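Open the model in your viewer and keep the selection panel at hand. Each stop below tells you what to pick and what is there.

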Amino acid sequence: MKRLIALALSTTAIAAPASAQFVEEARLGVMQHNVCILDCKNADKEDGPNIEAELVFVSPDFLSILASPRPYIVGSFNTAGDTSFGGFGFMWNWDFAEGWSLEPSLGYVIHDGANESPFPQGDPRSDAFAQDNIYFGSDDLFRTGLALNRDLTDSVGVQVLYEHLSHGQILGDGRNQGVDNIGVRAYFRFGQ
């Protein structure tokens, strides 16, 4: 939890001076936590929902080589006391029809969930703990996402978002159960 708070404070401190000029959007929404998408053996171990907030920044010129992704910072608070997380990353936005766009994203987060059981193997408490907790295997996780955006006005819109958190055997090793979340968020554009 200390690392989560430190990440939130540091990203806020970095973003605050730039916010008047460089923050492009603010987003707020509700995510259903730990849903079944493809691999359901770990779904529904943790409860939710998560309240999620995000700031999206203007893409700096030097990122044009990567198709101009927009940097973001995100915080997600689990209302049931299960896994919360915070982090940063990049998102791309592709308009495919008037007022509609797809938004893939890739980022890095830290979380306050379990990485492994605190009880030794064979202890009955370990089995009970495994029934109610996801074993992430690392404090550091990738956050991948895909959103479908619908502009309601020039400055307000809504999105349906899917996100997956996992270390992918890159940021950690061993357990890698990961988590899938799906939800809706509103976004508010500045300067429109």
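The tour of this predicted model goes from a surface patch to paired strands and then to aromatic rings.

**Stop 1: the nonpolar patch.** Select Ile37, Leu38, Phe96, Trp100, Leu102, Leu146, Leu148, Val160, Ile182 and Val184. Together they form a nonpolar surface patch with about 900 Å² of accessible area. Now colour strand 6 (100–111), strand 7 (140–151) and strand 9 (179–189): each supplies at least two residues of the patch. Zoom in on Val184, in strand 9. Val184 is exposed, at 51% relative accessible area.

Stop 2: Find Asn149; Gln159 in strand 8 stands opposite. Strand 8 also pairs with strand 9, again antiparallel, over 10 bridges. Here Tyr162 faces Ile182 in strand 9 as its opposite residue.

**Stop 3: the aromatic rings.** The structure has three aromatic pairs. Select Phe88 and Tyr108: this pair is tilted, with 5.6 Å centre to centre and 50° between the planes. Phe88 is in strand 4 (residues 85–91) and Tyr108 in strand 6, so the pair ties together parts 20 residues apart in sequence. Phe88 is partly exposed at 39%, and Tyr108 is partly exposed at 24%. Next, show Phe129 and Tyr135. Their ring centres are 6.1 Å apart and their planes are at 20°, so this pair is stacked. Is Tyr135 buried or exposed? Tyr135 is buried, at 3% relative accessibility.

**Last stop: a charge over a ring.** Select Arg27 and Tyr187. The charged end of Arg27 sits over the Tyr187 ring, 5.6 Å from the ring centre.

Note on methods. Residues are numbered from 1 along each chain as its sequence is written. This is a predicted model: local features need pLDDT of at least 70, side-chain atom pairs count only at pLDDT 80 or more; totals for chains, interfaces and linings use all residues. Side-chain values use heavy atoms; hydrogens and water are left out. Patches are made of residues with over 30% relative accessible area and no salt bridge: like charges are joined within 9 Å, nonpolar side chains (Val, Leu, Ile, Met, Phe, Trp, Tyr) within 5 Å. Accessible areas come from the Shrake-Rupley method with a 1.4 Å probe; for residues, only the protein chains shown count as cover. A salt bridge is a side-chain nitrogen of Lys or Arg within 4 Å of a carboxyl oxygen of Asp or Glu. Helices (H or I, at least four residues) and strands (E, at least two) are DSSP runs, numbered from the N terminus. Buried means under 20% relative accessible area, exposed over 50%, partly exposed in between (1.4 Å probe, protein chains only). Two strands pair if DSSP finds at least two bridges between them. Rings of Phe, Tyr and Trp (its six-membered ring) pair if their centres lie within 6.5 Å; planes under 30 degrees apart count as stacked, over 60 as edge-to-face and the rest as tilted. A charge sits over a ring if NZ of Lys or CZ of Arg is within 6 Å of the ring centre and within 35 degrees of the ring normal.
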